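Reader: Could we go through this structure together? I would like the terms spelled out as we proceed.
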Amino acid sequence: MNTLLENPLPIYAIGAVLATFCGLAFLARRTMPSLLALIGVVLLTLIMVVVERVVVTDAEHIETATTALMRALEQNDLPGLLTHIDPAASQVRSDAETLMPLVQLKDTGAASIQVEVDSSLSPAQAECEFHAKVDGVHTRSGMRLFYFDRVQATWTKQGDRWLLTDYTPLYDGRPISAVESMRGNRPVSR
């Protein structure tokens, strides 16, 4: 069911196939029941699309939080960035406070976001992996920094918000330390 609530493509595909069959049946028979079936399929498809738009799943909340976090990074907005980080995640907060003054970012982005929510935990947690793009300038050396690789993140639900509790940047599939890499201006393994 989450697939239908997170992606309208299956709704459109199923609706198009059913509408095609009902349309062919109507063209072949020209009866009121076949016309009503066609109208019913079109209406049901439209209702499902509206429901998909209105209902926001936890995975969609995390995708939104991830892009908002990356936007705060791009704007070099440390207070805004910290609003997306769990106050109990001291290492993540420390990394943010250490890294932000070291880099002047020009462009960031998150793509191919994959989220797995575990609602059985209390509080609920989610594992998120995405391609992160970070483009900026190292403030001390003036060198251009560009990162485009996978990032693994852990989010925890606090009330009605999802907050970042841990992250691991990857470089060629291996975890790296973002702080040490930024200080040395090259990837350093964790």
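Author: Helices (H or I, at least four residues) and strands (E, at least two) are DSSP runs, numbered from the N terminus. This is a predicted model, in which local features need pLDDT of at least 70, side-chain atom pairs count only at pLDDT 80 or more, and totals for chains, interfaces and linings use all residues. Residues are numbered from 1 along each chain as its sequence is written, and side-chain values use heavy atoms, with hydrogens and water left out.

Reader: Which residue just after helix 2 takes a positive phi?
Author: Arginine 30 does, with a phi of about 55 degrees.

Reader: How many residues does helix 2 have, and what does it span?
Author: Helix 2 covers residues 9–29, which is 21 residues, and its first and last C-alpha lie 30 Å apart. That is close to the expected 30 Å at 1.5 Å a residue, where the expectation is 1.5 Å times one less than the number of residues.

Reader: Which of its residues are buried?
Author: In helix 2, Ile11, Gly15, Ala19, Cys22 and Gly23 are buried. Buried means under 20% relative accessible area, exposed over 50%, and partly exposed in between, with a 1.4 Å probe and protein chains only. Seen down the axis of helix 2, the buried residues fall within an arc of 110 degrees, so they line one face; the arc is taken from the directions from the helix axis to the C-beta atoms.

Reader: And what does the face turned away from the buried side carry?
Author: That face of helix 2 carries the exposed residues Leu9, Phe21, Leu24 and Ala28.

Reader: Changing topic: how are the strands arranged?
Author: Five strands form an open sheet in the order 1-2-3-4-5, with antiparallel pairing. Its edge strands are strand 1 (103–118) and strand 5 (174–175), each pairing on one side only. Two strands pair if DSSP finds at least two bridges between them.

Reader: How many bridges join strand 3 to strand 4?
Author: Eight bridges join strand 3 (residues 144–158) to strand 4 (residues 161–171). Within strand 4, arginine 161 is the bridge partner of glutamine 158.

Reader: Where is aspartate 95, and is it buried or exposed?
Author: Aspartate 95 is in helix 6, and counts as buried because its relative accessibility is 8%. Leaving aside residues up to four places away in sequence, aspartate 95 touches Tyr167 and Val179, contact meaning heavy atoms within 4.5 Å.

Reader: Finally, how many disulfides are there?
Author: The structure holds zero disulfides, a disulfide being a pair of cysteine sulfur atoms within 2.5 Å. Cysteine 128 is buried, at a relative accessible area of 2%.
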